[in-house]
Amino acid sequence: MASHYEAPIRRPLVTGDKSYHDVTVDVAAPVEGKANKSWWIVFTIALVAFLWGLGCIIYTISTGIGVWGLNRTVNWAWDITNFVWWVGIGHAGTLISAVLLLFRQKWRMAINRSAEAMTIFSVIQAGLFPIIHMGRPWLAYWVLPIPNQFGSLWVNFNSPLLWDVFAISTYLSVSLVFWWTGLLPDFAMIRDRAITPFTKRVYSILSFGWSGRAKDWQRFEEVSLVLAGLATPLVLSVHTIVSFDFATSVIPGWHTTIFPPYFVAGAIFSGFAMVNTLLIIMRKVSNLENYITIQHIELMNIVIMITGSIVGVAYITELFIAWYSGVEYEQYAFLNRATGPYWWAYWSMMTCNVFSPQFMWFKKLRTSIMFSFFISIVVNIGMWFERFVIIVTSLHRDYLTSSWTMFSPTFVDIGIFIGTIGFFFVLFLLYSRTFPVIAQAEVKSILKGSGSKYKTLRAEHGDDVKHYVMPAGGKVTKEKASSEDHSEKTNSLLSAIGRFDESIHTIDDLKLISGVGPKMEEKLHQLGIYTFEQVSKMTDTEYDLLDSIIDEFPGRAKRDDWAGQAAKLKNS
C-alpha cells in the first residue's frame with residue numbers, strides 16, 4: 001500500500017510546448033503584426049451595426065423618445081431591458097478577475113484580461129440607455145447630487161434610479177483601475193519590444209514607468225489583491241441595486257425579496273456566457289488556441305451550468321411564492337407571463353436559461369467548441385428575454401383593464417440595441433489590436449506547472465521532476481546536461497564572433513549600444529563578450545544563440561541591431 005496519495009496529473013492549461021519566449025511572441029503578435037482576414041470580417045460587421053445604431057440614437061435625440069414603442073402603460077420597456085442586460089454581462093469580468101484571483105484559480109490567467117475588458121465595454125453600453133431615456137441627455141448631469149444653476153432642485157435620494165448612478169459609476173471606476181493595473185507588465189513588454197520611437201513612447205506612458213523590479217512586482221500583487229477585495233462585494237452590490245429598481249416598487253411581479261440574489265445569479269450566468277462567446281472568437285481571430293484551451297471553455301461551461309440551475313430554482317421559487325401568497329394580483333401576473341399574449345417570450349426564457357445549460361452535464365458537449373459557442377449565444381438571448389418578461393409583461397396589464405396595452409418595439413428601438421452590440425464588438429476588437437489580450441506575465445508563472453512539456457516530464461519522471469530541466473530541443477536531461485548544453489552554445493557563439501584576449505584587445509563600454517544596460521553588459525562579460533568587434537560580427541544565428549543562453553528580452557538584440565550599432569561605434 002502506498003505511503004501517500006499521489007495526485008493525478010492535471011491537463012495542461014498551456015498547450016503547444018511553449019517556452020517563455022514563445023509566450024511573449026504569441027501575446028505580442030496581435031499588437032505588433034497586421035490584422036488577419038478573420039479580424040477584418042468581424043470588425044466590418046460590428047462597425048456597420050454600430051453606425052446603424054448611431055444613426056438611430058441621433059434620430060431619437062433630434063426627434064424625441066416618441067419614436068420608441070413606449071406607451072402610457074409600458075413606459076419602461078426596450079431600453080431598460082437592454083440596460084439591465086448589459087449590466088449583467090459586465091458582471092462576469094470582475095468575477096473572473098477578482099473572485100478567482102482571491103481563490104487562486106490558475107485557469108483564470110489566460111482569460112481574465114478579456115473578461116475585464118468586457119466589463120468596461122459592456123458597462124459603457126449600459127450607461128447609454130438611461131441617458132437616452134431621459135429625453136434630454138444634455139441635462140444628464142442633473143442626476144448627480146450637485147447644486148444646479150436653475151434653483152434649489154436636488155436629486156431624489158430615495159429613487160432607486162439614483163442608486164444606479166452611484167452603483168454603476170463606482171463599479172466602472174474600480175473595474176477600470178483593476179483592468180489597467182493588470183495591464184502594466186504587458187504594456188512594459190510591448191514598450192521593450194517596440195521598434196519605432198513613437199510606439200515606444202506611447203507604451204512607456206501607458207506602462208507608468210514599469211521596470212520589472214522586485215519592488216514593482218510586490219506592489220503590483222498587493223494592489224491587485226486590494227482591488228480584488230474591493231471588486232468582489234461590488235459584484236454582489238451592483239446588480240442587487242439594479243434589482244431594487246423593481247423590488248422596491250409595488251407592481252405585481254416585481255415586489256419580491258428574491259430579486260437581489262436572483263439578479264446576481266442571472267448576471268453571472270449571462271456574463272460567463274458572453275465571456276465564453278468572446279473567448280471562442282478571440283482564440284480564432286488572434287491565434288490563441290494554445291492559451292485559451294478546450295479546458296478553459298469546459299470550466300466556463302461548468303460555471304454556466306451551475307448558475308443556470310440557480311436561475312431555474314429562482315424561477316420556480318417566484319412561481320411558488322406567487323401561489324403561496326394568496327394575492328390574486330401576484331398570481332395573475334405570473335399566470336399572464338406563461339399563458340398571456342407574451343407567452344412566447346416567457347417560454348423562450350425558460351428554454352434558453354433553464355433547459356439549454358443542462359446539456360453541459362455531458363462532457364462531450366461541454367468540450368465541443370461549436371456547441372459551446374451556440375449555447376453561450378442561446379443563454380444571452382434567454383437572459384435578454386428574462387429582462388423583457390420581467391419588465392414588459394408586468395406592466396402591460398395594469399389593475400384597470402381599460403389601461404391594458406401591448407408593447408412592440410419600433411425600428412429605432414431595435415436599431416439602437418443592435419448598434420450597442422456593434423459598438424461593444426468594435427471596442428473589443430480595437431482593444432485586441434492595441435492591448436495584449438493575454439496576461440503574459442501570469443501565464444508564464446504557471447507555464448512550468450501547466451505547460452505540455454512539463455506535463456510530459458511529470459508523467460515520465462514523477463517526484464524526481466525537480467532535478468530535470470527542459471532545454472530548447474525538447475528532450476529531458478539532467479541539470480548537468482543543461483549546463484553542458486549552455487557551455488556548448490557559448491563556445492559556438494564565441495567561435496563565430498571571436499574570443500577576447502587581454503594582451504591584444506581593450507574592453508569597450510558596451511552600454512553605448514542602445515538596449516544594453518549595466519545588467520546586460522555584465523551578462524555579456526560573463527559569456528566572454530567585451531568588445532564592439534565581437535558584437536559587430538553577430539548575425540541571426542548568433543542572435544538566436546544569445547537569446548537561448550540569456551533568456552531576458554528575447555529578440556531585442558536583433559530588433560535593436562546591436563551588430564550595426566557596434567560596427568559604427570567600433571569605426572568611430
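**Close-up views of a predicted model**

**View 1. Contact between helices α5 and α15.** In α5, R113, S114, A117, M118, F121, S122, I124, Q125, L128 and F129 meet I416, F417, T420, F423, F424, L427, F428 and Y431 of α15 (contact means heavy atoms within 4.5 Å; helices are DSSP runs of H or I, at least four residues, numbered from the N terminus). The contact of α5 with α15 comprises 13 nonpolar residues, four polar and one charged (Ala, Val, Leu, Ile, Met, Phe, Trp, Tyr, Cys and Pro count as nonpolar, Asp, Glu, Lys and Arg as charged, and the others, Gly among them, as polar). Helices α5 (residues 112–133) and α15 (residues 411–434) pack at about 150°, their axes 10 Å apart (axes are lines fitted to C-alpha atoms over the stretch in contact, and angles run from 0 to 180 degrees between N-to-C directions). The crossing of α5 and α15 is right-handed (the near helix is turned clockwise from the far one by less than a right angle; anticlockwise is left-handed).

The model is predicted: local features need pLDDT of at least 70, side-chain atom pairs count only at pLDDT 80 or more, and totals for chains, interfaces and linings use all residues. Residues are numbered from 1 along each chain as its sequence is written, and side-chain values use heavy atoms, with hydrogens and water left out.

**View 2. Contact between helices α4 and α5.** The axes of α4 and α5 cross at roughly 145° and come within 7 Å; this crossing is left-handed. A92, G93, T94, I96 and S97 of α4 make the contact with N112, A115, E116, M118 and T119 of α5. By class, the residues of the contact of α4 with α5 are four nonpolar, five polar and one charged.

**View 3. The largest pocket.** The largest pocket holds about 1,400 Å³ of space (on a 1 Å grid over the protein atoms alone, a pocket is an open set of points where a 1.4 Å probe fits, with protein on both sides within 12 Å along at least five of seven lines; lining residues have an atom within 4 Å of a point). The volume is the space filled by probe spheres set on the points, which are joined across faces, edges and corners. Of its 47 lining residues, P185, W210, G212, W217 and A441 are the closest to the centre. Helix α6 gives the most to this lining, with eight residues. The lining residues divide into 18 nonpolar, 12 polar and 17 charged.

Notes
Helices (H or I, at least four residues) and strands (E, at least two) are DSSP runs, numbered from the N terminus.
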